[in-house]
Amino acid sequence: MSLHTSVGESGRLLSPLDPDPVTIINGGSTFPVLLVCEHAGKTVPQALGDLGLSADALDAHIGWDIGAAGVTRLLADQIGAPAILQSYSRLVIDCNRPPEAPDAMPQISDGVQVPGNRNLTKEARASRRQAIFDPFNAAVTELRKSPHCRAILSIHSFNPQLQDGVPRPWEISFLYRRDTATSERLRQLVLESAPDLTVGMNEPYQIDDESDWFVPRHGEESGLPHSLIEIRNDLIADAGGQAEWAKLMTAVVHRFATEL
């Protein structure tokens, strides 16, 4: 493990050797549903080393949403939808949190200490926001304002059990707040294709202004139909699972899009 705090001579966090924080797939598509994946990557900028964490920790759910990027890419490819994926670990900055929220750059995540996030200065927090959060947020905002965009869906994944071992029974869940209709329709479409699934509604999380960004700021503020989709990560941890779930969601999103 290594831990660096330098942001380079330019004062910028990202160097030319670091990946762009934003990946756009099918940016010119006229498909009416925009896909967003805030926790697609687990990269840490070279200037931050590895945040003082092991590779296993960064590979785990605290580092990213396991399988979410794979499902998003396959879904975008199969239905021709535009998609935006964020490259960096949620531990560097969580792009589904208000950037000023304490858990946007957590010192502890699921009981794991994050040494590289201890005692961050205002300048250090601002550099992460400017380098990663702001361009990703701007890209989502730009694409959702496209005249073709009539709905937005954010794709995430969750652990199959809590830290204390309590199982989470849902295979998929839809998170929402004011827009109940979109998530309910997606639930119905999932069950029409796969009636044996256990579908959660606002499980295992609930949306609020203090700890969420996509639903309040991109969904509700835009007025577009929207939902945050959570898939249990043990089901999409490998390529086979990702392909299976992308196939299911292709049928669901295609049908949903025809009704917009």
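Helices, of at least four residues, and strands, of at least two, are taken here as DSSP runs numbered from the N terminus. In the predicted model, Ser89 is placed in the loop between strand E3 (83-86) and strand E4 (108-109). Ser89 has a relative accessible area of 0% and is buried, because a residue counts as buried under 20%. Apart from neighbours within four places in sequence, the contacts of Ser89 are Gly41, Lys42, Thr43, Val44, Leu58 and Gly63. The C-alpha atom of Ser89 is separated by 6.9 Å from that of His39, a residue 50 positions away along the chain.

In total, 15 salt bridges are counted in the model. Among them is the pair formed by Glu259 and Arg185, with an N to O distance of 2.7 Å. Glu259 is found in the segment after helix H6 (239-258) and Arg185 in helix H4 (residues 180-193), so this pair ties together parts that are 74 residues apart in sequence. Glu259 is partly exposed, its relative accessible area being 39%. A salt bridge also joins the side chains of Glu192 and Arg255, at 3.1 Å from N to O. Here Glu192 of helix H4 and Arg255 of helix H6 link distant parts of the chain, 63 residues apart. Glu192 is partly exposed at 49% relative accessible area, and Arg255 is likewise assigned as partly exposed, at 37%. Elsewhere, Arg177, Arg178, Asp209 and Glu220 are connected through a network of salt bridges.

The packing of helices H4 and H6 was examined next. Two packed helices are described by the angle between their axes and by the distance between those axes. For H4 and H6 the angle is about 130 degrees and the axes are 9 Å apart. The two helices are therefore oblique to each other, and H4 passes H6 in a right-handed crossing. On the H4 side the contact is made by Thr182, Arg185, Leu186, Leu189, Val190, Glu192 and Ser193, and on the H6 side by Leu248, Met249, Ala251, Val252, Arg255 and Phe256. Divided by class, this contact of H4 with H6 comprises 8 nonpolar, 2 polar and 3 charged residues. Glu192 and Arg255, which are listed in the contact, are the partners of the salt bridge at 3.1 Å.

Helix H6 also packs against helix H2 (residues 68-79), the axes coming within 9 Å and crossing at roughly 45 degrees. This angle makes H2 oblique to H6. The crossing of H2 past H6 is right-handed. In H2, the residues Gly70, Val71, Leu74, Leu75, Gln78 and Ile79 meet Gln242, Ala243, Trp245, Ala246, Lys247, Met249, Thr250 and Val253 of H6. The contact of H2 with H6 contains 9 nonpolar, 4 polar and 1 charged residues. Met249 of H6 is listed in the contact with H4 and in the contact with H2.

Backbone geometry was also considered. Most residues other than glycine have a negative phi, and most peptide bonds are trans. The peptide bond from Glu203 to Pro204, however, is cis, with omega near 0 degrees. Pro204 is located in the loop between strand E8 (199-201) and helix H5 (214-220). A positive phi, near 55 degrees, is found for Asn26, a residue of the loop between strand E1 (22-25) and E2. Asn26 is partly exposed, with a relative accessibility of 31%. Asp110 has a positive phi near 50 degrees and is placed in the loop between E4 and strand E5 (112-113). The relative accessible area of Asp110 is 41%, and this residue is partly exposed.

Terms used
Residues numbered from 1 in each chain as written. Predicted model: local features only at pLDDT ≥ 70, side-chain atom pairs only at ≥ 80, totals over all residues. Heavy atoms only, no water. Salt bridge = Lys/Arg side-chain N within 4 Å of Asp/Glu carboxyl O. Buried < 20%, exposed > 50% of the residue type's maximum accessible area, 1.4 Å probe, protein only. Axes fitted to C-alpha atoms, helices over the stretch in contact; angles between N-to-C directions. Parallel < 35°, antiparallel > 145°, perpendicular 65-115°, else oblique. Left-handed = near helix turned anticlockwise from the far one by under 90°. Contact = heavy atoms within 4.5 Å. Nonpolar A, V, L, I, M, F, W, Y, C, P; charged D, E, K, R; others polar.
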